[in-house]
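Subject: Structure handover

Hello,

Here is the structure we talked about. Please open it first, then read the notes under it.

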Amino acid sequence: MGIKFIKISVVYFVIGVCIGMYMSMTQKFTFTPVHVHINLLGWMSMGMAGLIYVAFPSAAKTTLAKVHFWLHNISLPIMMIGLAFLVSGTEKAEPAVATGGTLMVLGIILFAINIIKNVKQ
């Protein structure tokens with residue numbers, strides 16, 4: 001699971017940097033929250049989770065790790081697409097942000113449980 005997390009985190013990094021470059025080139029910074037969240041929750045959080053899973057393979061082999069991976073990768077696009085619409089003025093996108101955010105928190109809680117339970121010296 002660690003390598004999967006690391007590889008997908010790089011995809012999110014490219015997306016986040018491209019959004020940043022677009023905003024810089026157009027001098028329109030409407031998507032700053034999307035840019036920041038993709039870089040933090042996609043690139044940094046998933047990259048760190050991947051490194052932790054590489055360092056502690058017993059945690060990576062669990063069902064919790066798999067569920068965390070899928071919840072993270074389903075919820076982040078839902079939340080970010082919803083957020084992009086929301087900051088662009090589409091108030092009806094709010095449920096997508098809330099749904100994606102709730103699933104993200106659930107995935108992170110499962111990650112925390114997995115680490116507490118399965119990471120040992």
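The notes below cover the first helix, its neighbours and the aromatic rings.

Ground rules first. This is a predicted model, where local features need pLDDT of at least 70, side-chain atom pairs count only at pLDDT 80 or more, and totals for chains, interfaces and linings use all residues. Residues are numbered from 1 along each chain as its sequence is written, and side-chain values use heavy atoms, with hydrogens and water left out.

**Helix 1**

Helices here are DSSP runs (H or I, at least four residues), numbered from the N terminus. Helix 1 has 25 residues. From first C-alpha to last, helix 1 reaches 36 Å, close to the 36 Å expected at 1.5 Å a residue. That expected span is 1.5 Å times one less than the number of residues. Just after helix 1, glutamine 27 has a positive phi of about 60°.

Which residues of helix 1 are buried? They are Gly2, Phe5, Ser9, Tyr12, Gly16, Ile19, Gly20 and Met23. Buried means under 20% relative accessible area, exposed over 50%, and partly exposed in between (1.4 Å probe, protein chains only). The buried residues of helix 1 pack against helix 2 (32-55), helix 3 (57-60) and helix 4.

**Helix 1 and helix 4**

The axes of helix 1 (residues 2-26) and helix 4 (residues 63-87) come within 11 Å and cross at roughly 10°. So helix 1 is roughly parallel to helix 4 (angles under 35 degrees count as such). Axes are lines fitted to C-alpha atoms over the stretch in contact, with angles from 0 to 180 degrees between N-to-C directions. Contact means heavy atoms within 4.5 Å. Lys4, Phe5, Ile8 and Tyr12 in helix 1 meet residues of helix 4, including Phe69, Leu76 and Pro77.

**Aromatic rings**

Rings of Phe, Tyr and Trp (its six-membered ring) pair if their centres lie within 6.5 Å; planes under 30 degrees apart are stacked, over 60 edge-to-face, the rest tilted. The count comes to 5 aromatic pairs. Phenylalanine 13 and tryptophan 43 are stacked, 4.1 Å centre to centre with 15° between the planes. Phenylalanine 13 sits in helix 1 and tryptophan 43 in helix 2, 30 residues apart. Phe5, Tyr53, Phe69, Trp70 and Phe111 form one aromatic cluster.

Best wishes

Definitions and conventions
Helix = DSSP H or I, 4+ residues; strand = E, 2+ residues; numbered from the N terminus. Parallel < 35°, antiparallel > 145°, perpendicular 65-115°, else oblique.
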